[in-house]
Amino acid sequence: MYAVIRTGGKQYRVAEGDVIRIEKIAGDIGAEVSFTEVLLLGGSESPKVGQPTVAGAKVVGKVLAQDKHRRVLHFRKEKEGWTRRRGHRQSYTEVKVSSISG
């Protein structure tokens, strides 16, 4: 069974046992999190498509890590001879999907 969930403004296709990196959400390492914005449920039967979400469907996962991605550098150089270098590290939460119910 698989599901398409929406979190952090993005959509993810997940199945039981998958490890995904999503936008940072509140929760300690080892805590259970549940996603109720399930857009689609698929599996052996015909898929259930929500309008906009599937009623009563839920995806439960466990927080594995709260971390930051690698640094992304932005470098700017002008003709006058000055330069500017800036960086950014986006925070993420790593979640292991434990169950899908619907």
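**Pro52 in the loop between strand 6 and strand 7.** In this predicted model, Pro52 belongs to the loop that runs between strand 6 (48–49) and strand 7, where strands (E, at least two residues) and helices (H or I, at least four residues) are DSSP runs numbered from the N terminus. The peptide bond that joins Gln51 to Pro52 is cis, with omega at about 5°. Most peptide bonds are trans, and most residues other than glycine have a negative phi. Residues are counted from 1 along each chain as its sequence is written, and side-chain values rest on heavy atoms, with hydrogens and water left out. Because the model is predicted, local features need pLDDT of at least 70 and side-chain atom pairs count only at pLDDT 80 or more, whereas totals for chains, interfaces and linings use all residues.

**The open sheet with the order 3-10-7-4.** This sheet is built from 4 strands, and its pairing is antiparallel; two strands are said to pair if DSSP finds at least two bridges between them. Strands of a sheet pair through backbone hydrogen bonds, in either a parallel or an antiparallel way. At the edges of this sheet stand strand 3 (19–23) and strand 4 (32–35), and each has a single partner strand, so one side of each is left without a neighbour in the sheet. From one strand to the next the twist averages 45°, where axes are lines fitted to C-alpha atoms (for helices over the stretch in contact) and angles between N-to-C directions run from 0 to 180 degrees.

**Strand 7 with its partners, strand 4 and strand 10.** Strand 7 (residues 58–68) pairs with strand 4 in the antiparallel sense, over 4 bridges. Glu32 has Lys62 of strand 7 as its bridge partner. Strand 7 also pairs with strand 10 (residues 91–101), again in the antiparallel sense, and here there are 10 bridges. In this pairing, Val60 stands opposite Ser99 of strand 10.

**Phe35, a residue of strand 4.** Val14 is 21 residues from Phe35 in sequence, and their C-alpha atoms are 11 Å apart in space.

**The open sheet with the order 2-1-5-6.** Here, too, 4 strands are joined with antiparallel pairing. Strand 2 (10–15) and strand 6 are the edge strands, and each of them pairs on one side only. Strand 1 (residues 2–7) and strand 5 (residues 38–42) run antiparallel and are joined by 4 bridges. Within strand 5, Val38 is the bridge partner of Ile5.

**Lys48, a residue of strand 6.** With a relative accessible area of 41%, Lys48 is partly exposed. When residues up to four places away in sequence are not counted, Lys48 touches Leu39, Leu40, Leu41, Val54 and Gly102. Ala3 is 45 residues from Lys48 along the chain, yet the C-alpha atoms of these two residues are separated by 9.4 Å.

**Arg13 over the face of Tyr2.** Arg13 lies over the face of the Tyr2 ring, at 4.0 Å from the ring centre; a charge sits over a ring if NZ of Lys or CZ of Arg is within 6 Å of the ring centre and within 35 degrees of the ring normal.

**Glu80 in the loop between strand 8 and strand 9.** This loop connects strand 8 (72–77) with strand 9 (83–88), and Glu80 lies in it. Glu80 has a relative accessible area of 64% and is therefore exposed. Val38 is 42 residues away from Glu80 along the chain, and 53 Å separates their C-alpha atoms.

**The whole protein, as a setting for the close-up views.** The protein has 10 strands and 0 helices. Its C-alpha atoms fill a box of roughly 65 × 30 × 20 Å along the principal axes. The radius of gyration is 18 Å, whereas a compact globule of 102 residues would have one near 13 Å; this radius is taken over C-alpha atoms, and the globule rule is 2.2 Å times the number of residues to the power 0.38. Of the 102 residues, 29% are buried.

Methods
Buried means under 20% relative accessible area, exposed over 50%, partly exposed in between (1.4 Å probe, protein chains only). Contact means heavy atoms within 4.5 Å.
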